[in-house]
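Subject: Structure handover

Hi,

Here is the structure we talked about. Please open it alongside this note; my findings follow below.

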Amino acid sequence: MTSRRAHFNLNSPSPRRRTVVKAAAATAVLAGPLAAAVPARAAAAPAFLHGVASGDPLPDGVLLWTRVTPTAEAVPGSGLGPDLEVAWTVASDKSFTNIVAAGSITASAASDHTVKADVRGLRPATDYWFRFSSGGTDSPAARTRTAPAHDDAVAGMRFGVVSCANWEAGHFSAYRHLAARGDLDAWLHLGDYIYEYGTGEYGTRDTVVRPHAPAHEIVTLADYRTRHGRYKTDPDLRALHAVAPVIAIWDDHEFANDAWSGGAENHTEGAWGARQSAAKQAYFEWMPVRPATEGTTYRRLRFGRLADLSLLDLRSYRSQQAATGNGSVDDPDRTLTGRAQLDWLKAGLKSSDTTWRLVGNSVMIAPFAIGSLSAELLKPLAELLGLPKEGLALNTDQWDGYTDDRRELLAHLKANAIRNTVFLTGDIHMAWANDVPHNAATYPLSASAATEFVVTSVTSDNLDDIVKVPEGTVSALASPLIRAANRHVHWVDTDRHGYGVLDLTAERAQMDYYVLSDRTAPGATASWARSYRTRSGTQKVERSYDPVG
């Protein structure tokens with residue numbers, strides 16, 4: 001796609017030419033037409049059936065996204081449909097009377113008719129409204145927000161935090177409740193935005209609430225495009241994208257289960273490199289995310305002097321997961337991050353002059369010892385973690401399987417007296433509040449290097465779903481045993497679905513954990529479950545008895 005006719009004026013309702021907006025370009029060899037499930041109202045006139053979104057906020061700009069359906073047959077992944085011009089408009093008011101930026105982009109089948117506009121020249125820490133139009137049709141209007149200026153003394157920031165949304169397992173009520181808050185500066189998606197499985201192949205308590213499209217496991221570029229398209233028909237997901245910018249990283253299910261640099265646990269279909277390339281291309285087409293180093297998701301954003309956020313890619317460079325119990329988890333030649341990314345992370349944490357150093361981290365970094373869990377709990381835990389049900393020692397897909405990388409990173413924090421590092425984590429379908437100790441075996445006598453807040457899944461199975469028992473049953477048994485074997489773990493909830501709200505001030509970082517009444521109910525309610533915080537300078541988690549709001 002190409003970009004032209006971009007105009008900016010921050011002070012006048014009459015736009016004037018100022019600069020040219022950068023727009024992402026994508027080329028593809030399409031894998032062939034593949035029907036996608038989109039609303040039946042798709043017609044000959046251009047339509048915006050997948051909503052609009054924004055992401056990766058900067059002090060002077062934000063990335064805008066949409067997908068236009070030019071004709072009824074031009075569904076995601078089909079490779080069909082003509083090129084067409086898509087105009088975009090940014091305003092300082094919801095009624096669009098004060099236009100501050102505008103431009104147009106050509107949408108084509110080469111990018112699955114997705115478009116991105118990387119808008120610059122905006123004011124920091126400011127709400128804006130935007131929309132797209134094509135062929136006389138306007139998209140829904142949406143709100144976005146820029147980041148604070150680099151050196152602003154920011155009083156506070158608030159982020160939604162989510163991960164692991166299996167379409168077939170339920171409805172995305174977590175997104176709806178976050179959207180309804182109206183107080184988010186942005187929201188973080190920590191991976192597994194989509195799932196790659198075929199219909200009925202992944203946990204749903206034996207009930208597919210709503211089927212995938214395509215119905216088979218996704219492998220080709222057309223498959224991945226179709227699956228992304230299906231996800232963005234969800235009204236709750238579209239609602240959240242329409243109220244705040246997203247900051248997203250990928251985990252394994254944007255590719256395939258337990259993906260690593262050379263393959264995946266369930267990959268048997270052709271060359272891994274081709275599948276990985278297709279998944280990445282579809283991701284960057286369909287997500288309002290700026291490709292970072294070498295087309296990955298590791299990058300860094302800053303929010304004034306309050307916080308910076310280092311976002312990790314823990315799939316593109318990792319060595320294959322170690323076999324359970326064979327000792328190779330400590331092999332210094334194996335890596336989770338890759339050398340370049342680990343060096344980049346260490347350098348960024350050391351040079352940061354912000355109060356908080358946040359790390360968007362797709363798999364848990366705090367060590368997790370199984371302890372004295374019974375065989376009845378070990379088997380479903382192994383299923384949840386994707387591990388053999390016999391001889392389970394640890395989750396080798398997490399940082400536990402790459403201990404040399406973790407040791408080096410934590411030693412770096414200690415050697416350079418780096419404080420206020422907070423890992424924000426998804427993946428494990430449970431909620432956790434952890435200290436991250438230098439030496440778990442001697443903790444709490446030894447020091448904590450950082451803290452970690454892990455959010456549970458939006459819908460993906462957790463332990464009670466796998467065992468098929470009432471919610472809370474497993475957690476009541478497992479949580480005390482897990483905490484007894486892991487003294488750095490302050491809280492773990494193995495059973496419930498939901499989301500987090502991270503609230504930052506100069507004095508503390510607090511995560512409020514919310515849970516859903518029923519993942520299978522489109523009108524599920526949400527309620528506050530727990531809150532934990534870390535006070536500046538402590539590197540330790542403590543319970544807070546009230547949510548921030």
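A residue is called buried here when its relative accessible area is under 20%. Keep in mind that this is a predicted model.

**Helix α4**

By that cut-off, twelve of the 15 residues of α4 are buried, so this helix is largely enclosed by the rest of the structure. The buried ones include W272, R275, Q276, K280, E285 and W286. Their cover includes β3 (61-67), β6 (114-119), α2 and β12 (246-248). The length of α4 (residues 272-286) also checks out: 15 residues at 1.5 Å a residue should span 21 Å, and the end C-alpha atoms are 21 Å apart.

**Arg in α2**

Helix α2 covers residues 221-231 and holds R230. R230 has 12% relative accessibility, so it counts as buried.

**Nonpolar cores**

The largest nonpolar core has 43 residues, and F172, Y175, W187 and Y499 touch the most other members. Elements that give two or more residues to this core include α1 (173-181), α3 (235-241), β20 (498-504) and β21 (508-516). Helix α4 gives the most, with six residues. What does F172 touch, leaving aside residues up to four places away in sequence? Its contacts include W167, R210, Y231, D236, L237 and V458. Another core, of 33 residues, lies apart from the largest one; L309, L311, W356 and V541 are among its members.

**The seven-stranded sheet**

Seven strands form an open sheet with mixed pairing, in the order β13-β14-β15-β16-β18-β17-β19. Its edge strands are β13 (299-303) and β19 (489-493), each of which pairs on one side only. Neighbouring strands are turned by 20 degrees against each other on average, direction ignored. Within the sheet, β16 (residues 421-425) and β18 (residues 448-454) pair in the parallel sense over four bridges. F423 stands opposite E452 in β18.

Two helices are worth a look here. Helix α5 (residues 339-351) packs on the sheet and touches β13, β14 (307-311), β15 (356-361) and β16. The direction of α5 makes about 15 degrees with that of β13. Helix α7 (residues 403-415) lies across β16, β17 (431-437) and β18. The angle between α7 and β18 is about 120 degrees.

Best wishes

Methods:
Residues are numbered from 1 along each chain as its sequence is written. This is a predicted model: local features need pLDDT of at least 70, side-chain atom pairs count only at pLDDT 80 or more; totals for chains, interfaces and linings use all residues. Side-chain values use heavy atoms; hydrogens and water are left out. Two strands pair if DSSP finds at least two bridges between them. Axes are lines fitted to C-alpha atoms, for helices over the stretch in contact, and angles run from 0 to 180 degrees between N-to-C directions. Contact means heavy atoms within 4.5 Å. Buried means under 20% relative accessible area, exposed over 50%, partly exposed in between (1.4 Å probe, protein chains only). The expected span of a helix is 1.5 Å times one less than its number of residues. A nonpolar core is a set of buried Ala, Val, Leu, Ile, Met, Phe, Trp, Tyr and Cys residues joined through side-chain atoms within 4.5 Å.
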